[in-house]
Amino acid sequence: MTENEGFMKEAIRQAKKAEKLNEVPIGCVIVYDGKIIARGYNRRNTDKSTLAHAEIIAIKRASKVIKDWRLEDCTLYVTLEPCQMCAGAIVQARIPKVVIGTMNSKAGCAGSVINVLQMKEFNHQVDICKGVLADECKEMMQNFFRNLREKKKMENY
Ligand SMILES: [Zn+2]
């Protein structure tokens, strides 16, 4: 297993925590100096908050650890391509590198719908590494939505 895969595994573990709460399984970790300093998972329904995405939660925690809003030497790992809000926060936090599990063709903002992470008009661009444990991340999402559809079907009987 590569180092990237090892950290993505931990992001997947975070995503499974979201899944246990019936949340869309998205997980994130932030690495500094070869160590995980912050973790987060999607808690949007649980917290009843638009802001409770995995990446935002992890960025908040990392800033507490680093004691700075700038996360200049950190790498963010996330199981799903970030949305516009999280991609914006990543740019604002000056995170230099993002490692993505699977892409999100309908809502992703690291190249799918738009690439907020690499707009030359902004003062900060982010290196992107895609497709790390992509199959595992994708299957986790597909299984979640399949189960959700089946639950809904059962409720209609
Ligand atoms: Zn997001």
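Predicted model: local features only at pLDDT ≥ 70, side-chain atom pairs only at ≥ 80, totals over all residues.
**View 1. Helix H3 alongside helix H4.** Here we're looking at H3, residues 54-66, and H4, residues 84-92, whose axes come within 9 Å and cross at roughly 25°. That angle is under the 35 degrees cut-off, so H3 and H4 are roughly parallel to each other. As for handedness, H3 passes H4 in a left-handed crossing. On the H3 side the contact is made by Glu-55, Ile-56 and Ile-59, and H4 brings Cys-86, Ala-89 and Ile-90. Sorted by class, that contact of H3 with H4 comes out as five nonpolar residues, no polar ones and one charged.

View 2. Zoom in on Glu-55, which sits in helix H3. UniProt lists Glu-55 under "active site", in an unreviewed entry. Is Glu-55 buried or exposed? It counts as buried, because Glu-55 has 27 C-beta neighbours inside 10 Å, and 20 or more is enough for that label. Leaving out residues up to four places away in sequence, Glu-55 touches Cys-28, Gly-40, Leu-76, Val-78, Pro-82, Cys-86, Ala-89 and Ile-90. Cys-86, Ala-89 and Ile-90 also turn up on the H4 side of the helix contact in View 1.

**View 3. Gln-14 on helix H1.** Now to Gln-14, which lies in H1, the helix covering residues 3-20. With 24 C-beta neighbours inside 10 Å, Gln-14 counts as buried. What does Gln-14 touch, not counting residues up to four places away in sequence? The list runs Gly-27, Cys-28, Val-29, Arg-39, Gly-40, Tyr-41 and Ala-54. Take Gly-40 from that set: Gln-14 and Gly-40 are 26 residues apart in sequence, yet their C-alpha atoms are 6.5 Å apart in space.

**View 4. Helix H1 alongside helix H5.** H1 is back, this time with H5, residues 134-156. What angle do the axes of H1 and H5 make? They cross at roughly 5° and come within 11 Å. H1 and H5 are therefore roughly parallel to each other.

Methods
Residues numbered from 1 in each chain as written. Axes fitted to C-alpha atoms, helices over the stretch in contact; angles between N-to-C directions. Helix = DSSP H or I, 4+ residues; strand = E, 2+ residues; numbered from the N terminus. Parallel < 35°, antiparallel > 145°, perpendicular 65-115°, else oblique. Left-handed = near helix turned anticlockwise from the far one by under 90°. Contact = placed C-beta atoms within 7 Å. Nonpolar A, V, L, I, M, F, W, Y, C, P; charged D, E, K, R; others polar. UniProt positions renumbered as here; feature names shortened; annotations may be inferred. Buried ≥ 20, exposed ≤ 12 C-beta atoms within 10 Å, placed from the backbone.
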